[in-house]
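Take a moment to turn the model around on your screen before you read on. Then we'll walk through it together, one piece at a time.

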Amino acid sequence: MGVFTYDYESTSPVAPVRLFKAFTIEAAKVWPTAAPNTVKSVEVEANPSSGSIVKINFFEGLPFQYMKHQIGGHDENNFSYSYSLIEGGPLGDKLEKISYENKFEAAASGGSICKSSMKFYTVGDNVITEDEIKALIKGSEGVYKPVEAYLLANPEACN
């Protein structure tokens, strides 16, 4: 097994607290509403806390039907959270899991800077290329961008 780390940063016009809530505490409610053509449902085992499993179900016709995340933890004061993609989605037979550490910081011009550190755990001697990682990031925008647009269109959401 190999471990490949990749750091990624993006900006958003949405405040850090709202993005944090939309991607953690309120994800089960927000994602299917914000991305109705992509996310069918989000099932949370108990409260979304450390060790809990979250299953995201996608509509038929998309590249995969579901993903399971295991929550590592979240820090509401620093707008940071961690989780691992442990089943389904883009893992296939090349990746054992992908671990994420994400943080939303206030941008000087307003909005947020979204910082992500990803660790890709490969199966056997498999490797993952930077192009493959960039394709996975682009695929995740199928949820991220609609959630961002939803928050901009609904200023009362996730406050």
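This is a predicted model: local features need pLDDT of at least 70, side-chain atom pairs count only at pLDDT 80 or more; totals for chains, interfaces and linings use all residues.

Residues are numbered from 1 along each chain as its sequence is written, and side-chain values use heavy atoms, with hydrogens and water left out.

Let's begin with the rings. The structure holds nine aromatic pairs. Rings of Phe, Tyr and Trp (for Trp, its six-membered ring) pair if their centres lie within 6.5 Å; planes under 30 degrees apart count as stacked, over 60 as edge-to-face, and the rest as tilted. Take Tyr81 and Tyr83: their ring centres are 6.0 Å apart and their planes are at 10°, so this pair is stacked. How buried or exposed is each of the two? Here "buried" means under 20% relative accessible area, "exposed" means over 50%, and "partly exposed" is in between (1.4 Å probe, protein chains only). Tyr81 is buried at 11%, and Tyr83 is buried too, at 17%.

Lys97 lies over the face of Tyr121, at 4.8 Å from the ring centre.

Next come charges that meet other charges. There are six salt bridges in the structure, a salt bridge being a side-chain nitrogen of Lys or Arg within 4 Å of a carboxyl oxygen of Asp or Glu. To place them, we need helices (H or I, at least four residues) and strands (E, at least two), which are DSSP runs numbered from the N terminus.

One of the salt bridges joins Glu87 and Lys68, with the closest N and O atoms 4.0 Å apart. Glu87 is in strand 5 (residues 80-88) and Lys68 is in strand 4 (residues 66-75), so the bridge ties together parts that are 19 residues apart in sequence. Glu87 is partly exposed at 32%, and Lys68 is partly exposed at 24%.

Another salt bridge joins Lys115 and Glu105, where the closest N and O atoms are 3.2 Å apart. Lys115 belongs to strand 7 (residues 112-122) and Glu105 to strand 6 (residues 95-106), so this pair ties together parts that are 10 residues apart in sequence. Lys115 has 33% relative accessibility, which counts as partly exposed, and Glu105 is partly exposed at 25%.

What about a bridge inside a helix? Lys134 and Glu130 meet in a salt bridge at 3.5 Å, N to O. Both lie in helix 3 (residues 130-153), four residues apart, which is about one turn of the helix. Lys134 is partly exposed at 43%, and Glu130 is partly exposed at 44%.

Now find Ser10, which sits in strand 1 (residues 3-12). Ser10 is buried, with 19% relative accessible area. Leaving aside its neighbours within four places in sequence, Ser10 is in contact (heavy atoms within 4.5 Å) with Ser112, Ile113 and Cys114.

Time to look at empty space. Rolling a probe the size of a water molecule over the atoms shows where empty space is left. On a 1 Å grid over the protein atoms alone, a pocket is an open set of points where a 1.4 Å probe fits, with protein on both sides within 12 Å along at least five of seven lines; lining residues have an atom within 4 Å of a point. Grid points are joined across faces, edges and corners, and the volume is the space filled by probe spheres set on the points. The largest pocket holds about 1100 Å³. Its lining has 49 residues, of which Phe23, Trp31, His69, Tyr83 and Ser140 lie nearest the centre. Helix 3 gives the largest share of that lining, 10 residues.

Finally, a look at the backbone. Most residues other than glycine have a negative phi. Phe79, however, has a positive phi near 55°. You'll find Phe79 in the loop between strand 4 and strand 5, partly exposed at 23%. Cys158 has a positive phi as well, about 60°, although it is not a glycine. Cys158 lies in the segment after helix 3 and is buried, at 3% relative accessibility.

Technical notes:
A charge sits over a ring if NZ of Lys or CZ of Arg is within 6 Å of the ring centre and within 35 degrees of the ring normal.
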